[in-house]
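This report describes the fold of one protein chain, from its overall plan to single residues. Please keep the sequence and the structure in view while reading.

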Amino acid sequence: MTTRAQPFRVHRLIDRTVLVGVVAIGVLASPAPWVWLTSFAGTFVALASAVLGLAYVVTRWAEGRSPRIQGPRRKPPPIREEAFITAQAMWVMAGLVAWPITAARLGASTGFTWSLEGTGWSIPEAIAVNVAGVFAVDAWTYWKHRALHTKLLFGFHRGHHTFRDPTAFASFAVGPFEALWTFLPVLIVLHPAALHWGPAYVTLVVGFVCLNMYLHCGVEVRWLEAIVPKLGLNTSAFHNVHHSHVRANFGEVAFLWDRLCKTRRDDLQVAPAEAAEPSA
Ligand SMILES: [Zn+2]
Ligand SMILES: [Zn+2]
């Protein structure tokens, strides 16, 4: 239905434009194209290696465990497709991250610093700012995800839902347009006034990657399922319901907005296979 209402080829054309566009804009608009290009290439290799490498480790671990949330697999998971789309998402992310890295290599001032003194914050202030940042990222990703489930935009998100019973390789297997939308906030750090304390920032990013791996690994770890919800964060069981039912559990970090908007469904168990459909 969605593909007829909004031709999938339009979304695919925009996705491909994003893939080419992030690099073209970097090369054409950067004051130092070669510095930007080498920053992009290095970031892409580092991101793709780290994310796909961690996905390999998590998948090797998870696929040997039982019971699986969605039951035994009837056929091998499409790991190659998941990994390829993930690599495209890392390409887009590298096209964004290359900007602050280029700025730093050129000696320009940015909002990123490894030093707490450089931020001018006390420890309590640093904690408060980073907690606020987590809330902001959670709101950004929840409402992005809700928007991508509308008829107009579902074509950009449909690919992620082809992985109904995902592996960790699907953690970042989103199309280029969705990747651009997801990771766009990394550009905020370009503004010198938008202070980011490196140790906390990197820890939270790594934590987000690890959480996303767990959300897509396909199995439950009992102690994680007990502890993680107490922190307000999503779990593997929670996100598998989204892949199974499509119309519930949109949170990508926490379940705050799902609770507020009544899109959290604790009553749903993993459902039999159904076609992915948009839901507003
Ligand atoms: Zn997912
Ligand atoms: Zn979705």
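## Overall fold

The protein chain is built from twelve helices and two strands. Read from the N terminus, these elements follow the order α-α-α-α-β-α-α-α-α-β-α-α-α-α. The C-alpha trace spans about 55 × 45 × 35 Å along its principal axes. A compact globule of 280 residues would have a radius of gyration near 19 Å, and the protein chain agrees, because its own value is 19 Å.

Of the 280 residues, 38% count as buried. Among contacts with a separation of 6 or more, 74% are between residues 24 or more positions apart.

## Confidence in the model

The structure is a predicted model. The mean pLDDT of the protein chain is 91, and 93% of its residues reach 70 or more. Over residues 1–5 the pLDDT is below 50, and this stretch has nine contacts in the model beyond near neighbours in sequence. The pLDDT is also below 50 over residues 272–280, a stretch with 17 such contacts.

## The largest nonpolar core

The largest nonpolar core contains 51 residues. The members that touch the most others are Ala-89, Met-90, Val-92, Met-93, Ala-94 and Ala-173. At least two residues of this core come from each of H2 (8–29), H3 (33–62), H4 (79–105), H7 (154–161), H8 (176–183), H9 (198–216) and H11 (236–245). H4 gives the most, with 13 residues.

Leaving aside neighbours within four places in sequence, Val-92 is in contact with Val-18, Leu-19, Val-22, Pro-176, Ala-179, Leu-180 and Phe-183. Another example is the pair Trp-181 and Met-93, which are 88 residues apart in sequence but 9.8 Å apart in space, C-alpha to C-alpha. Trp-181 is found in helix H8, and this residue counts as buried because 22 C-beta neighbours lie inside 10 Å.

H3 has 30 residues and reaches 42 Å from its first C-alpha to its last, which is close to the 44 Å expected at 1.5 Å a residue. Its buried residues include Trp-36, Phe-40, Phe-44, Leu-47, Val-51 and Val-58. The buried residues of H3 pack against H2, H4 and H9.

H7 is mostly covered, with seven of its eight residues buried. These are Phe-154, Gly-155, Phe-156, His-157, Arg-158, Gly-159 and His-160.

Most residues other than glycine have a negative phi, and most peptide bonds are trans. Where does a cis peptide bond occur in this chain? One joins Ser-66 and Pro-67, with omega about 5°. Pro-67 is placed in the loop between H3 and H4.

Val-246 is in the loop between H11 and helix H12 (256–260), whereas Lys-262 is in the segment after H12.

Is each of these residues buried or exposed? Val-246 counts as buried because it has 20 C-beta neighbours inside 10 Å, and 20 or more are required for that class. Lys-262 counts as exposed because it has 8 such neighbours, and the exposed class takes residues with 12 or fewer.

Terms used. Residues are numbered from 1 along each chain as its sequence is written. Chains are lettered from A and ligands numbered from 1 in the order in which they are written. This is a predicted model: local features need pLDDT of at least 70, side-chain atom pairs count only at pLDDT 80 or more; totals for chains, interfaces and linings use all residues. A nonpolar core is a set of buried Ala, Val, Leu, Ile, Met, Phe, Trp, Tyr and Cys residues joined through C-beta atoms within 7 Å. Helices (H or I, at least four residues) and strands (E, at least two) are DSSP runs, numbered from the N terminus. Two residues are in contact if their C-beta atoms, placed from the backbone, lie within 7 Å. pLDDT is the predictor's confidence in each residue, from 0 to 100. The expected span of a helix is 1.5 Å times one less than its number of residues. The radius of gyration is taken over C-alpha atoms; the globule rule is 2.2 Å times the number of residues to the power 0.38.
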